[in-house]
Amino acid sequence: MDAIVTETLQDRRARLLGPNMSTFYDEPVHLVRGEGARLWDADGREYLDCYNNVPHVGHCHPVVVQAICDQAGTLNTHTRYLHEGILDYVEALTATFGPNLDTALMCCTGSEANDVALRMAQALTGKTGVIATDHTYHGNTTAVHQLSRSNPPPGGYWDNVGFVPAPDSYRPLGGEAGMAHARAFAAEVEKQIAVLEEKGCGFSTLILCPFFANEGFPDLPAGWLDPTVEVVRRAGGVVIADEVQPGFGRLGTHFWGHEKIGFTPDIVTIGKPMANGHPVAAVVAPRDTMEQFRSNFRYFNTFGGNPVSCAAAMATLRVVQEENLQANAADVGAYAKSGLQELAKRHECIGDVRGSGLFFGAEMVLDRTTREPATAFTKQVANGMRQRGVLLNFLGRHYNVLKMRPPMVFSRANVDQVIETLDTVLAETPLA
Ligand code: PMP
């Protein structure tokens, strides 16, 4: 009898989509269904989603699903017709920002939003120099790929790009945490501004995530960015806050990451959680910035702000507000952090516990005194959690920070499951 050759989903994926299509975990998960903070794989196995900040208000939230279906069954079109959907949404969205950030440009991905933001900064300053941290990610267009240190662009970096050391509250630049660290960071930005001026492109913008999500979400006090913002503005530049990860109430204390750290950005970019998984993103800016941009660049986006996308985004925002999910993030996030702190009493590998709201985690070390990163161990722990039905991941400057960023409907009971599972996995994973 002929052998039955079955191609795995992974092989099929590589054959059809090409190699290097990244998946999480040594044994990738094949998901087929989701509800709230729960997911199910093709074999019917249940997982707790502790990472995915796209389904912000929970997987398949019925209000969002209904809004998408209703609008898809009524009208969807490109964005060169008049429609209330985009206007109602931008009105509701900008109401969540301070009074200055009162217009928005809709697009489809965080990468696009950041790409547009860089051009907005150029329109404002007449310069092109961009500064980012050396452990960030702002997306995958040709321009924003230039800002990625961990995934260098094949043709090399452009002359107008400069990097500063990513903030690390556990191993602060200059050795001292808090405002001394803040001033050390600002001094690095100042140095890079001088380099860009010297090169002739001039300095246009500093782009950063105000929660430094990809850098390992360091614990930084309010006011930490003040010296940096001062340096940027003195040099005639602007600050872009990439709120793709911390926004929409996730941090619990504030609706936006820049509010938590205490400054008003010149331009804000948002995406990921904005429409609960539907591809929607935006750039939010003051009206005169938008006008300056529009008179320098002709910009049209076929899908950005279409009626279905706006219905999905509007429903998501309404659910965050009406279900008080920011308050839930504050409560459940604080509970999670104290659970991790309890675990740290029993597990020496936990060097630091940090986070805000439903964006929290722990830094893993081989030795608490030397703070040597436990990079390989952290990866094993993430895989161990997956094997035991809890999906989370790891990142940070040394890829040794367990990162948890669950849907905003996460409950205390969900946290109990995470902490109990982590207790088991930490105990069974060798620290070598
Ligand atoms: N900015 C940040 C901070 C991100 O983390 C990401 C995606 N991980 C992006 C931008 C890019 O967003 P997208 O994948 O939607 O293009």
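Strands β7 and β8 (residues 238–242) pair in the parallel sense, over four bridges. Within that pairing, I207 has I240 of β8 as its bridge partner. The chain passes from β7 to β8 through helix α7 (residues 226–234), and this β-α-β crossover is right-handed. All of this is read from a predicted model.

Strand β5 (residues 129–133) runs parallel to β7 and is joined to β7 by three bridges. Here V130 stands opposite T205 of β7. How much of strand β7 is buried? Strand β7 spans residues 203–208, and six of its six residues are buried.

How far can the coordinates be trusted, by the predictor's own scores? The mean pLDDT of the chain is 96. A pLDDT of 70 or more is reached by 99% of the residues. The ipTM is 0.99 and the pTM is 0.97.

Now step back to the domains. Domain 1 comes in two segments, 9–57 and 324–428, while domain 2 covers 63–322. Their centres, taken over C-alpha atoms, are separated by 25 Å. The contact between them takes 26 residues from domain 1 and 29 residues from domain 2. Which elements of domain 1 give two or more residues to the side that touches domain 2? They are α11 (325–346), β11 (350–356) and β12 (359–367). By class, that side of domain 1 has 11 nonpolar, 10 polar and five charged residues.

A second sheet deserves a look. Four strands form an open sheet with mixed pairing, in the order β1-β2-β3-β14. Its edge strands are β1 (31–35) and β14 (390–391), each of which pairs on one side only. Strand β1 runs antiparallel to strand β2 (residues 38–41), with four bridges joining the two.

Next, single residues. F410 sits in the loop between β16 (401–404) and α13 (412–428). Is F410 buried or exposed? F410 counts as buried because 26 other C-beta atoms lie within 10 Å, where the cut-off is 20 or more. Beyond its neighbours within four places in sequence, F410 is in contact with A37, V332 and L358. F410 and A329 are 81 residues apart in sequence, yet their C-alpha atoms are 7.7 Å apart in space.

Most residues other than glycine have a negative phi. N324 has a positive phi, near 50 degrees, and is not a glycine. N324 lies in the loop between α10 (307–322) and α11.

R371 is placed in the loop between β12 and β13 (372–373). R371 counts as partly exposed because it has 15 C-beta neighbours inside 10 Å.

Notes
Residues are numbered from 1 along each chain as its sequence is written. This is a predicted model: local features need pLDDT of at least 70, side-chain atom pairs count only at pLDDT 80 or more; totals for chains, interfaces and linings use all residues. pLDDT is the predictor's confidence in each residue, from 0 to 100. A residue is buried if 20 or more other C-beta atoms lie within 10 Å of its own, exposed if 12 or fewer, and partly exposed in between; C-beta atoms are placed from the backbone. Two strands pair if DSSP finds at least two bridges between them. A crossover is right-handed if, with the strands pointing away from the viewer, the path from the first strand over the helix to the second runs clockwise. Domain bounds come from an automatic or database domain assignment. Two residues are in contact if their C-beta atoms, placed from the backbone, lie within 7 Å. Ala, Val, Leu, Ile, Met, Phe, Trp, Tyr, Cys and Pro count as nonpolar, Asp, Glu, Lys and Arg as charged, and the others, Gly among them, as polar.
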